[in-house]
Amino acid sequence: MKSRSISKTTRSNFITYGIVIAAYLIMQALIAADQVSSLLNGLLVPLCIYVIMAVSLNLTVGILGELSLGHAGFMCVGAFTSSLFSLCMEETLTSSMIRFPIAILIGAAAAAVMGLIVGIPVLRLKGDYLAIVTLAFGEIIKNVVNVIYLGRDASGFHFSMESTLALNMDETGTVLIKGAQGITGTPKDSTFTIGVVMVLITLIIVLNLIHSRTGRAVMAIRDNRIAAESIGINVTKYKLLAFTISAALAGVAGALYSHNLSSLAATQKNFGYNQSIMFLVYVVLGGIGNIRGSIIATVVLTLLPELLRSMDSYRMLIYAIVLIVMMLVNWSPAIIDFRKRHSLKNLLGKAARKEAR
Amino acid sequence: MKRMISLGMAAVLAVSMTACSSGNSAEETTAAAETTAAAGDAAETEAAGDDAAETEAAAGGTIKIGGIGPISGGTAIYGQAVMNGAQIAVDEINAAGGINGMTIEYQFEDDENDTTIAVNAYNSLKDWGMQILMGTVTSLPCVAVAAESANDNMFQLTPSGSAVECIQNDNAFRVCFSDPNQGAASAQYIGEHGLATKVAVIYDSSDVYSSGIYEKFAQEAANQGIEVTAAEAFTADSKTDFTVQLQKCKDSGAELVFLPIYYSEAALILTQADSMGFDTQFFGCDGLDGLLSVENFDTALAEGVMLLTPFAADAEDELTQSFVSKYEETYGGTPNQFAADAYDAIYAIKAAAEQAGITSDMSVSDICEAMKTAMTEITIDGLTGTGMTWTADGEPSKEPKAVMIENGAYTAM
């Protein structure tokens, strides 16, 4: 009996990996057959980025049970550090196959450090307070990045928080980070294949974490903190662990993001709180704590507004309606009840019972 | 858990509401683009015009020009101006027989001033069959799209992408001045005309346009013997209260305040300067164009403001007047320099395409190669300057014009 229950979670995990790999293979086949519009082709990498964001946020929201509204801030840190690395090393490390993985690792590490720094004071808070502080933190990261000026010339790096003129560089100098205008000229290293590999790595990390001893400890804290503490679980340690891993994965997504476009700036649109809430929407609609669900919700909600482009101004309207409908279908008690009574499994089960009779 | 769900619900509602409202605002403005986009073949495209003769032009095939810019969100006014300005030029050209007998098909996509969405819009236009790109409107998305268009070797002419990097690839050209050019030109103008020796600057550090102009201005000011007594920055998040910046400018003893910013903030600055009794000379760049049409703004405050702009809506020449009257008739409101840039961009594409002998069956890459050479050979008399020429690096060469606001109207100086 016991071995059966374990194989069930393993099987569920493999279904999730299988969906991602199957989607990848289908897309690759379609690309090879030249059946993919350039719009969809351009959306493949952003899709991977948002899936990673949704899965990593699900770790904080669904597994750790803490509402974080600053997830885009960690993505921002990952994006800028990895982009900076690539820009500096572009001449020395010409092969993008070596440079890009290092850039991703650096982005993840920087975001993890940020997650740790933020996590130590912030995770003492609970519920709404945590949400407010993480929201503020996301905004702070964005605004700090917006005043950083960094340049490089023969004598090394120059840093300023005023303007590029204040960097005092000689003629050989190039400006790497230009305040609110961000970084331009990041090499375009992100590809769909790398994106999918990163999605799979993210899934392996998160799913294995959930089903490990650590994951069970984290979920115990979520369900009842006092009970968990009373049986000797180190609450701070496990909370920080989950939060830091979640931030690191957001850093990976940031690295993919910054290497997908040649200009990178921290704006309200890409790293602001609206974006953080967008990721939360993916998680909530896909099901809090349900990794596979958040992947599907992300794909649907990212593709929808772009594929509806042909409908021009109605697209945002339809998008909003779909959001509301999905929300109702997923969370309204009446509909959940209806779904339970009329689910496929239920119908098949009924038919099977009838036959047996 | 329950609280979290309810919070999540609230978040979704908030998001969907913003999505709704932005969708609505875009609705009416995209209507113009829709009419062109919906038309399947060339003859139908002409439905927007009214001459029967123009259907003959369809014999030469069609050329597809795509446009990208923000037509929803905070910078929507710029994108809408470009969309409409270009539409007027396209209709005029089609009515007059098209480019080399080819009718123009024109489609405009929204990028919400976001780099990712701009690239999506670009890809979407590629699927539509775009052969020439007129865009994008704002600088940052333009840099992102420029990398893509360079990759595809597609000819790109941005009406208003003024950051240096927008046209760093050789397939990209622009109609407006680059930011550094405007900064240097402003400093030279102030220096040569002896307007002031002590200048204070208020600029938007989160904006490429504004800080680009400021940096070059500060460099050139030193050569012109101008002392920059105060350089006060604000960002997009804090652009409602300028009293601190104004007070510092006042205390520094500046004779002139340089405002390399857009008109909506400038209107606030002028109002606040007036209420704190700070009476000085204000000088701006083309971003100040539109100052007189700001709602609830006492235009008397703008008296004596000088600005360097390539386009003034009440210029006397025939071209400007016909453009302005067409714009007012079709879309309502006075066109700003973005609309004028877009209008000139379409005519520049026309001139270059005729020079290069573009035909509708050429590949995107061939068109680009031919257009690149042709762009450096043409001379255009447009709304934003007479005798405009382009160099191979994509920069236009035209004279900046200084105008002063007198009796509630722009007057050339």
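What follows is a short chat about a predicted model and its confidence, cores and backbone.

Trainee: What should I know before reading the numbers?

Mentor: This is a predicted model, in which local features need pLDDT of at least 70, side-chain atom pairs count only at pLDDT 80 or more, and totals for chains, interfaces and linings use all residues. Residues are numbered from 1 along each chain as its sequence is written, chains are lettered from A and ligands numbered from 1 in the order in which they are written, and side-chain values use heavy atoms, with hydrogens and water left out.

Trainee: What ipTM and pTM does the predictor give the complex?

Mentor: An ipTM of 0.76 and a pTM of 0.78.

Trainee: And what is the mean pLDDT of chain B?

Mentor: It is 80, with 85% of the residues of chain B at 70 or more. pLDDT is the predictor's confidence in each residue, from 0 to 100.

Trainee: Where in chain B is confidence lowest, and where highest?

Mentor: Lowest in helix H2 (residues 42-45) of chain B, at a mean of 39, and highest in strand S4 (residues 155-158) of chain B, at 92. Helices (H or I, at least four residues) and strands (E, at least two) are DSSP runs, numbered from the N terminus. Over residues 12-58 of chain B the pLDDT is below 50. That stretch still has 63 contacts in the model beyond near neighbours in sequence, a contact being heavy atoms within 4.5 Å. Where pLDDT is low, the predicted coordinates should not be read in detail.

Trainee: New topic. How many residues are in the largest nonpolar core?

Mentor: There are 107, and A:Ile49, A:Phe80 and A:Leu203 are among those with the most contacts inside it. Such a core is a set of buried Ala, Val, Leu, Ile, Met, Phe, Trp, Tyr and Cys residues joined through side-chain atoms within 4.5 Å. Buried means under 20% relative accessible area, exposed over 50%, partly exposed in between (1.4 Å probe, protein chains only).

Trainee: Which helix gives the most to this core?

Mentor: Helix H2 (residues 38-63) of chain A, with 18 residues. Another core, of 76 residues, lies apart from the largest one and includes B:Val201 and B:Ala340.

Trainee: What does A:Ile49 touch?

Mentor: A:Met75, A:Ala253, A:Leu256 and A:Tyr257, leaving aside residues up to four places away in sequence.

Trainee: Backbone now. Is the peptide bond from B:Gly135 to B:Thr136 cis or trans?

Mentor: Cis, with omega near -5 degrees. B:Thr136 sits in the loop between strand S3 (132-135) and helix H5 (139-152) of chain B.

Trainee: What about B:Glu112, is phi positive or negative?

Mentor: Positive, near 50 degrees, in a residue other than glycine. B:Glu112 is buried, with a relative accessible area of 14%.
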